[in-house]
Amino acid sequence: MSGEGAAWAAYWTGASGDDAAVRSPESAARLDGYWAETLAGFVQGRSNLDHLELACGSGAVTRALVAAAGAAEVELPRLVCSDYALTAVSQAVKTVPDACPAGAVADAARPPFRPESFDLVTSQFGIEYAGLTAFTAALPMLKPGGALIALVHIADGPIAAECRANLDLLEAAHEADLVAGMVRLLRMARKVDGGGGNASALARQEAALSNDINALRQKVLAAPQGPARDLMQRLIQDMVTLYQRRQAYAPQDADGWLQHQAAELDTYAARMRSMLDAALGEGEIEVLREAAAQAGEFTLEVGRLAFEEGGPACAWTIEIGRA
Ligand SMILES: C[S@@+](CC[C@H](N)C(=O)[O-])C[C@H]1O[C@@H](n2cnc3c(N)ncnc32)[C@H](O)[C@@H]1O
């Protein structure tokens with residue numbers, strides 16, 4: 001599995017099932033509203049609907065579709081939640097137990113489904129992670145009259161800006177390599193605590209690490225509010241506390257905790273990088289437009305969704321219909 005794949009697999013292992021793409025309740029409500037309205041319109045007047053959610057994460061769109069179809073009394077004979085992270089698929093199939101969706105672990109760029117097998121293929125901040133080919137790979141899976149409906153990261157939107165700010169901070173932490181410095185410092189300190197070692201070398205090392213920590217703290221304070229900033233603040237504080245209370249911890253537990261924190265930061269950075277790589281700009285939307293036109297029997301509608309009235313666009317809305 002690639003670094004990004006492992007990062008998402010780890011995310012869904014630890015996640016509570018919340019949306020991975022947005023943080024604030026207002027933005028989550030806006031996404032829910034978009035899907036409620038769009039899916040209510042789509043299910044209207046249809047009798048049976050086979051649905052596939054690509055890069056499903058915890059299955060947010062499947063949940064919205066189950067609600068819309070229930071309100072419109074439309075049967076959903078086949079629901080499939082697909083993601084390349086097994087941990088995501090496992091979560092998604094659990095979140096709508098009554099509707100019993102099937103799970104499929106698959107790369108959205110190479111979907112393992114027969115042609116014309118779905119009336120509706122959806123994705124929320126997911127399909128674009130597999131590249132533009134995932135959009136064209138989805139088209140043959142649509143039955144006549146079917147549609148691909150996706151909310152897609154927008155390259156110059158606020159989510160991308162937040163990812164960039166998070167990543168800058170995580171990269172600064174990676175470069176400072178505080179965890180390795182703290183592991184070395186703890187080793188020296190334990191020797192001195194035990195009556196051996198070199199106390200003045202320890203003092204110099206303490207001063208050097210303290211400088212590095214302070215430099216990173218300045219960057220953290222200067223960074224915009226957000227989860228990476230909160231995480232870094234907590235981590236710096238916990239590392240300082242760990243050092244001060246080192247005698248209360250077994251060396252292997254303290255070192256293990258520090259290694260775990262370093263791995264968490266790298267995983268988080270990989271996730272931010274993948275979100276930035278996935279976001280589509282105007283140029284890629286044009287490529288999609290041409291691909292849909294060349295495929296002949298498809299119509300493409302692209303819009304922009306803002307999280308607040310009059311605010312900047314946070315996502316592309318992409319609807320590709322099959323005649
Ligand atoms: C930002 S999360 C969004 C998840 C979910 N759709 C949501 O809105 O909460 C991106 C998802 O895409 C999945 N993903 C990334 N690359 C993928 C690929 N090539 N094929 C399938 N899934 C992929 C990740 O595992 C992750 O679950």
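This is a predicted model: local features need pLDDT of at least 70, side-chain atom pairs count only at pLDDT 80 or more; totals for chains, interfaces and linings use all residues.
Leaving aside neighbours within four places in sequence, A137 is in contact with A109, R110 and P111, two residues being counted as in contact if their C-beta atoms, placed from the backbone, lie within 7 Å. A137 is found in helix α5, residues 133–138, where helices (H or I, at least four residues) and strands (E, at least two) are DSSP runs numbered from the N terminus. Because 19 C-beta neighbours lie inside 10 Å, A137 counts as partly exposed; a residue is termed buried if 20 or more other C-beta atoms, placed from the backbone, lie within 10 Å of its own, exposed if 12 or fewer, and partly exposed in between. The C-alpha atoms of A137 and G311, which are 174 residues apart along the chain, are separated by 33 Å.

Residues are numbered from 1 along each chain as its sequence is written.

The protein has 11 helices and 7 strands, and its C-alpha trace spans about 80 × 35 × 30 Å along the principal axes. Of the 323 residues in the protein, 35% are buried. Among the contacts with a separation of 6 or more, 72% are accounted for by residues 24 or more positions apart.

The 7 strands of an open sheet are arranged in the order β3-β2-β1-β4-β5-β7-β6, with mixed pairing, two strands being regarded as paired if DSSP finds at least two bridges between them. From one strand to the next, the twist averages 15 degrees, where axes are lines fitted to C-alpha atoms, for helices over the stretch in contact, and angles run from 0 to 180 degrees between N-to-C directions.

Several of the pairings can be described individually. Strand β1 (residues 48–53) pairs with strand β2 (residues 75–83) in the parallel sense over 5 bridges; within this pairing H51 stands opposite L79 in β2, and the bridge partner of E53 in β2 is C81. Strand β4 (residues 118–124) is in turn joined by 6 bridges to strand β5 (residues 142–153), the two running parallel, and T122 stands opposite I149 in β5.

The axes of helix α6 (residues 158–176) and helix α10 (residues 251–278) come within 9 Å and cross at roughly 145 degrees. The residues of α6 that take part are A160, C163, R164, N166, L167, L170, E171, A173 and H174, which meet L265, D266, Y268, A269, M272, R273, M275 and L276 in α10. By class, this contact of α6 with α10 has 11 nonpolar, 2 polar and 4 charged residues, with Ala, Val, Leu, Ile, Met, Phe, Trp, Tyr, Cys and Pro counted as nonpolar, Asp, Glu, Lys and Arg as charged, and the others, Gly among them, as polar.

Most residues other than glycine have a negative phi. A55, in the loop between β1 and α3, has a positive phi near 45 degrees, and A55 is buried because 27 other C-beta atoms lie within 10 Å. E116, which is not a glycine, has a positive phi of about 55 degrees and is placed in the loop between β3 and β4. With 14 C-beta neighbours inside 10 Å, E116 counts as partly exposed.
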